[in-house]
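Hi,

Here is the structure I promised to pass on. Have a look at it first, and then read my notes below.

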Amino acid sequence: MLKCHSPKPSTILTILQGCNNIKRLKKIHAYVIISGLQHHVTISNRLLNFCAVSVAGSMSYAQHLFHHMDNPSTEAWNSIIRGFAQSSSPCQALLYYNAMISASFSQPNSYIFSFVLKACEKIKDEKKCGEVHGSIIRRGYERDIIVCTNLMRSYAGNEFMESARRVFDDMSDRDLVSWNCMISCYSQAGFHQDALTLYNQMQDKNVGLDGFTLVGLTASCAHIGALNVGIEMHKIARKKGFMNDIYVANALIDMYAKCGSLDSALSIFNKMKKKDVLTWNSMIVGYGVHGHGDKAISLFKKMLMAGVQPNSITFLGLLCGCSHQGLVEEGIQYFHLMSSDFKLKPEVKHYGCMVDLFGRAGKLDEALKLIKTSFFDAPVLWRTLLSSCKIHRNVMIGEIAMNNLVHVGMPNAGDYLLMATLYAGAKDTEGVSRMRKIMQNQGIKTTVAWSWIEVEDQIYKFVVNDSSHPDSCKIYAKLEEIIHQAALLGYVQEEEAIDTYPLFSTEVSLGSSTSKHSEKLAIAFGLIKTPPESCLRIMKNLRVCNDCHTFIKYISKAYDREIIVRDRVRFHHFKNGLCSCGDYW
DNA sequence: TTAGGGTTAG
């Protein structure tokens with residue numbers, strides 16, 4: 001119990017140090033008032049600081065304390081702005097910052113700028129970020145390395161990458177954190193090539209690196225499929241002793257899985273002494289997108305035995321694996337398990353996997369029923385169903401899916417092409433021309449398809465009929481040669497057949513040829529540039545069309561090459577004339 | 001007294 005006699009301020013401050021909950025703080029506050037110390041600056045500031053910053057604090061009580069201060073000091077402004085910047089109401093931080101600027105007797109310091117910028121980033125207020133930037137310059141903080149790093153992140157968080165980069169370039173002094181921050185900003189915003197280029201500049205300047213550097217770069221390698229650069233990151237991590245850093249190891253597992261090297265991913269996974277949910281998820285999702293549903297399930301069981309709680313991503317990996325391996329019963333079981341045993345509510349993505357699972361297995365009625373009971377009116381579900389209708393040539397359900405896509409107002413070029421394919425299969429020429437007309441009349445634009453391949457540490461991109469590469473003549477000559485070799489083994493090109501249109505694509509816009517598809521050009525280039533018997537790894541932003549899928553099978557046999565293709569949906573491992581997807585994709 | 005950087009999906 002607190003005794004009520006005239007205490008020394010130092011006694012109150014000591015009591016405050018031991019305070020660990022808001023109830024006790026309120027009692028101390030009452031005691032401060034009774035003792036007539038409510039205007040003692042240090043005590044008021046400490047009380048406020050506890051409420052605003054401590055996890056056991058209360059922002060409403062912090063506001064109450066703040067508004068009873070006669071002339072809040074910079075320290076008090078600091079606490080209230082910091083508190084709101086890290087709260088679920090970051091807008092309030094900006095309101096207090098504005099109030100501080102208006103009340104000219106207190107001036108913001110470098111700490112306050114850091115908190116305000118954090119708030120700008122959270123609420124996505126680019127305009128405010130620019131205003132604060134102006135204020136930073138006017139008040140002479142543009143040379144503060146931490147303020148500038150915060151400013152970069154704030155701009156990048158608002159998707160103003162050029163402004164972020166300008167801040168970075170204009171910094172008079174940069175340290176490892178500022179370099180890492182710019183790299184991770186690029187990586188998180190999807191500017192992967194810029195992240196890798198910046199790393200090269202960083203090395204030229206002998207800044208050094210740490211685990212943070214490796215994580216940002218490895219994540220970028222994963223996204224663009226830059227395996228060779230990723231392997232370099234792994235070597236550095238081993239050499240410099242960063243393999244015990246769980247962030248680094250997790251990023252490497254994900255990178256290897258996304259670059260098609262499941263064995264390398266597993267090797268790191270097995271060596272890790274400490275694994276968290278991301279470690280398990282990266283491996284399970286890796287198995288899922290490679291079509292190894294059984295291995296994903298087996299790992300999931302081990303994960304539970306290890307006492308690691310799965311999350312919604314774990315189940316995405318499991319369902320994806322079940323769907324691609326045709327494990328219908330298991331998929332249904334895990335779909336129910338996520339809510340019954342793990343209290344995870346299935347999201348649109350999980351329903352998408354289930355529609356795909358039923359659809360691929362030919363259970364189109366069940367897929368339809370699931371969409372109707374899902375309470376999601378998401379285009380992606382109807383689109384998934386439509387693609388299953390194409391596999392199983394079911395025009396009736398295809399039309400239901402298409403009508404619903406029109407109803408939700410989101411049909412794209414790929415959808416019309418899929419529907420046209422379905423009509424073509426049913427010899428419904430009127431249906432085909434109706435789809436063509438809608439596309440032409442509504443000017444529906446197709447997505448540009450492109451494929452890319454990493455040779456040494458460079459990424460080479462190709463689009464259909466690409467002639468931009470300096471070695472273009474050699475590439476086309478090689479393409480002719482490989483088409484001939486494939487033909488000798490029995491390959492017949494599906495020229496202009498409407499059912500060669502890829503699912504979400506486009507590449508084969510109505511009237512173009514399948515013979516110069518981007519993945520064929522990438523393969524021709526790869527065969528020229530890589531040693532015999534080495535594995536070719538191709539990435540594509542859309543799905544591989546039937547013709548290219550067949551073609552690559554023949555090429556894997558004719559040239560005795562393993563060819564790994566990562567498309568928009570999954571991995572295809574082509575070897576000796578066969579594909580790991582079993583032509584089931 | 002207090003401030004800056006990291007991984008899965010989307």
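A word on burial before anything else: I call a residue buried under 20% relative accessible area, exposed over 50%, and partly exposed in between, with a 1.4 Å probe and protein chains only. Note that this is a predicted model, where local features need pLDDT of at least 70, side-chain atom pairs count only at pLDDT 80 or more, and totals for chains, interfaces and linings use all residues. Residues are numbered from 1 along each chain as its sequence is written, chains are lettered from A and ligands numbered from 1 in the order in which they are written, and side-chain values use heavy atoms, with hydrogens and water left out.

On to the aromatics. The whole structure holds 19 aromatic pairs (ring centres of Phe, Tyr or Trp, the last by its six-membered ring, within 6.5 Å; planes under 30 degrees apart are stacked, over 60 edge-to-face, the rest tilted). One of them is tilted and joins phenylalanine 315 to phenylalanine 342, with 5.7 Å centre to centre and 50° between the planes. This pair links distant parts of the chain, 27 residues apart: phenylalanine 315 is in helix 19, and phenylalanine 342 is in the loop between helix 20 (328-340) and helix 21 (348-360). Helices here are DSSP runs of H or I, at least four residues, and strands are runs of E, at least two, numbered from the N terminus. Phenylalanine 315 is buried at 0% relative accessible area, and phenylalanine 342 also counts as buried, at 15%.

Tryptophan 450 and tryptophan 452 make a tilted pair as well, 4.8 Å centre to centre and 40° between the planes. Tryptophan 450 is partly exposed at 27%, while tryptophan 452 is buried at 8%. Elsewhere, ring pairs tie Phe66, Trp77, Phe84 and Tyr96 into a cluster.

Now the DNA. There are 39 residues around DNA strand B, and Glu75, Asn180, Asp210, Asp245 and Lys349 come nearest (near means a heavy atom within 4 Å). Which side chain has a polar atom 2.6 Å from a base nitrogen of DNA strand B? That is aspartate 210.

Cheers

Definitions and conventions:
Polar contact = N/O pair within 3.5 Å; in protein donor to acceptor, adjacent residues only side chain to side chain.
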